[in-house]
Amino acid sequence: MSRPQSTIVGIFGDTKRSGRWSLAVKTLALLVFGDVKLDLRSAVIGARTSTITLVTLFGDSTITVPEGVHVEVGGFDLFGDRELDAGAHDPGPGAPTIRIVSYSLFGDLRVRTR
């Protein structure tokens with residue numbers, strides 16, 4: 001079972017999570033002048049739907065998702081690019097869903113499978 005909520009805060013620094021860790025049902029990342037990199041390929045995804053909300057000011061966000069999950073991307077970026085590469089395979093019914101909501105000023109969002 002996943003934790004209900006998690007918060008990540010970074011100011012003038014980068015934040016990175018990879019390896020085996022538990023993705024909360026709701027994750028909020030607040031970054032000012034820093035990048036966030038979340039690698040979910042080895043993460044424990046216990047909830048049917050998990051939401052990652054990114055609020056960044058002058059920073060890039062990179063989310064690496066595993067094969068076999070649905071990915072939804074929303075939010076708003078001002079002076080930034082978005083790139084979504086969720087893989088070539090349809091995860092099929094019953095696969096977990098990861099919602100990524102990004103609000104960014106002067107930052108890029110990259111969501112990819114690798």
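This report describes strand pairing, aromatic contacts and salt bridges in the structure above.

The model is predicted, and for that reason local features are given where pLDDT is at least 70 and side-chain atom pairs count only at pLDDT 80 or more, while totals for chains, interfaces and linings use all residues. Residues are numbered from 1 along each chain as its sequence is written, and side-chain values use heavy atoms, with hydrogens and water left out.

**Strands**

Strands here are DSSP runs of E with at least two residues, numbered from the N terminus, and two of them pair if DSSP finds at least two bridges between them. Strand 7 (residues 49-57) pairs with strand 4 (residues 26-32) in the parallel sense over seven bridges, with Ile-52 as the bridge partner of Thr-27. Strand 7 also runs parallel to strand 11 (residues 97-105), to which nine bridges join it, and here Leu-57 has Leu-105 as its bridge partner.

**Aromatic contacts**

Rings of Phe, Tyr and Trp (its six-membered ring) pair if their centres lie within 6.5 Å, and planes under 30 degrees apart count as stacked, over 60 as edge-to-face and the rest as tilted. A search of the whole structure finds four such pairs. One of them is stacked, because the rings of Phe-12 and Phe-33 have their centres 5.0 Å apart and their planes at 0 degrees. This pair links distant parts of the chain, with Phe-12 in the loop between strand 1 (5-11) and strand 2 (15-17) and Phe-33 in the loop between strand 4 and strand 5 (36-39), 21 residues apart. Relative accessible area is called buried under 20%, exposed over 50% and partly exposed in between (1.4 Å probe, protein chains only); Phe-12 is exposed at 64%, whereas Phe-33 is partly exposed at 40%. The rings of Phe-79 and Phe-106 are likewise stacked, with centres 4.9 Å apart and planes at 10 degrees. Phe-12, Phe-33, Phe-58, Phe-79 and Phe-106 form one aromatic cluster.

**Salt bridges**

A salt bridge is a side-chain nitrogen of Lys or Arg within 4 Å of a carboxyl oxygen of Asp or Glu. The count by this rule comes to four, and the table includes three of these salt bridges.

| Salt bridge | Closest N and O atoms |
|---|---|
| Asp-39 and Arg-41 | 2.5 Å apart |
| Arg-99 and Glu-72 | 2.8 Å apart |
| Arg-110 and Asp-108 | 3.6 Å apart |

Arg-99 is partly exposed at 36%, and Glu-72 is partly exposed at 37%.

Key. Helix = DSSP H or I, 4+ residues; strand = E, 2+ residues; numbered from the N terminus.
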